[in-house]
Amino acid sequence: MSTAAPKKSSKRTREGVVVSDKMDKSITVEVSRLMQHPQFKKVIRRKIKYTVHDEKNEAKSGNKVQIIETRPISKRKRWRLVKVLAQ
């Protein structure tokens with residue numbers, strides 16, 4: 001009997017807030033993270049925006065969402081919506 005453990009996905013996941021839902025089947029998600037400045041040691045906030053594929057147009061502006069890395073869908077879309085976490 002072999003009990004194979006489920007494979008861990010090598011795809012990256014992120015959580016962020018939807019800042020734009022004006023496109024069809026696409027949303028813009030802003031992901032922020034905290035980091036320490038290398039010289040001054042102050043904690044600063046860094047943010048980046050991802051263009052995300054939303055097949056069912058279910059995420060609205062202001063929602064907290066989870067996204068996952070995927071194959072290239074268009075020129076800038078490399079992420080896909082997994083689920084809406086909070087509204």
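# Strands, hairpins and a nonpolar core

Q: How do strands β1 and β2 pair, and over how many bridges?
A: In this predicted model, strand β1, covering residues 13-20, pairs with strand β2, covering residues 26-36, in the antiparallel sense, and three bridges connect the two.

Q: What about the hairpin of β1 and β2, how many residues are between the strands, and which residue takes a positive phi?
A: This hairpin has five residues between β1 and β2, and K25 takes a positive phi near 65° there.

Q: How many bridges join β2 to β3?
A: There are 11 bridges joining β2 to strand β3, which is made of residues 43-53, and these strands run antiparallel. Across this pairing, S32 stands opposite K47 in β3.

Q: And which residue takes a positive phi in the hairpin of β2 and β3?
A: That residue is K41, with a phi near 65°, in a hairpin that has six residues between the strands.

Q: Switching topic, which residues are in the largest nonpolar core?
A: The largest nonpolar core has 11 residues, including V18, V29, V31, Y50, W79 and L81. The elements that give two or more residues to this core are β2, β3, β4 (64-69) and β5 (79-86).

Q: Which element gives the most to this core?
A: That is β2, which gives three residues.

How values were computed: Residues are numbered from 1 along each chain as its sequence is written. This is a predicted model: local features need pLDDT of at least 70, side-chain atom pairs count only at pLDDT 80 or more; totals for chains, interfaces and linings use all residues. Side-chain values use heavy atoms; hydrogens and water are left out. Two strands pair if DSSP finds at least two bridges between them. Helices (H or I, at least four residues) and strands (E, at least two) are DSSP runs, numbered from the N terminus. A nonpolar core is a set of buried Ala, Val, Leu, Ile, Met, Phe, Trp, Tyr and Cys residues joined through side-chain atoms within 4.5 Å. Buried means under 20% relative accessible area, exposed over 50%, partly exposed in between (1.4 Å probe, protein chains only).
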